[in-house]
Amino acid sequence: MPKHEITRLKILWDYEVLDTVPERIFDDLTELAAKICEALIALITLIDDKRQWFKSKVGVTVKETSRDISFCAHAIKSEGLFIVPDALKDKRFANNPLVTSDPKIRFYTGAPLVTPDGYALGTLCVIDQVPRELRPEQKQALIILARHVMTQLELRRHTRELAQARKTREETSDALKKAEAQIVQLQRRLSKAEPHKKSPPPQKRKR
């Protein structure tokens, strides 16, 4: 588990992106990562408490896998790219069911998706079924694309927060208008309920 896991999970949930529908901007970034890195599979993954969920995917059909067999669960603890050139030769993954059976991962590289506060929510990763390495320019491109993924997640969150703030402001304004109307009505009722004051009798002049 990463350090401050409880805080990391809370921040992830605050983005309200888990289990959302596919979005074109994320799919475009995933496809671009696959093409640039010449990879069979590319994913935008988010690491929840017990699963890794795919916001976008190329080359696979599943929507999520268990966290305990996830390569990306290791990648979010890395400060930079997390690279596995050959999973069968890596004791951490040699017996992993994602390696021994479909999708038969042999090569993996993941770039963490890091929030402005420094918490890794998941990865933009590329996967292949043969051992290999990325070229320096491909590694740099993957890092840049991961930053763009995080930028889009931030933009998505800020848009939602602004919409919520606007809704709250409108609701508050409506409530104030209703309160003002009720006060006016109450003042009118009180005014009608007050007895009319009689004029004082004229005073007699002293002779």
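Colleague: Is Asp19 buried or exposed?

Modeller: Asp19 is exposed, at 52% relative accessibility (buried is under 20% relative accessible area, exposed over 50%, partly exposed in between, with a 1.4 Å probe and protein chains only). Keep in mind that this is a predicted model: local features need pLDDT of at least 70, side-chain atom pairs count only at pLDDT 80 or more, and totals for chains, interfaces and linings use all residues. Residues are numbered from 1 along each chain as its sequence is written, and side-chain values use heavy atoms, leaving out hydrogens and water.

Colleague: OK, charged pairs. How many salt bridges does the structure hold?

Modeller: It holds 15 salt bridges (a side-chain nitrogen of Lys or Arg within 4 Å of a carboxyl oxygen of Asp or Glu).

Colleague: Which residue does Arg51 form a salt bridge with?

Modeller: Glu64, with the closest N and O atoms 2.7 Å apart. Arg51 sits in strand S2 and Glu64 in strand S3, so the pair ties together parts 13 residues apart in sequence (strands are DSSP runs of E, at least two residues, and helices are H or I, at least four, numbered from the N terminus). Arg51 is buried at 15%, while Glu64 is partly exposed at 37%.

Colleague: Which residues join that network?

Modeller: Salt bridges with shared partners join Asp19, Asp48, Arg51 and Glu64 into one network.
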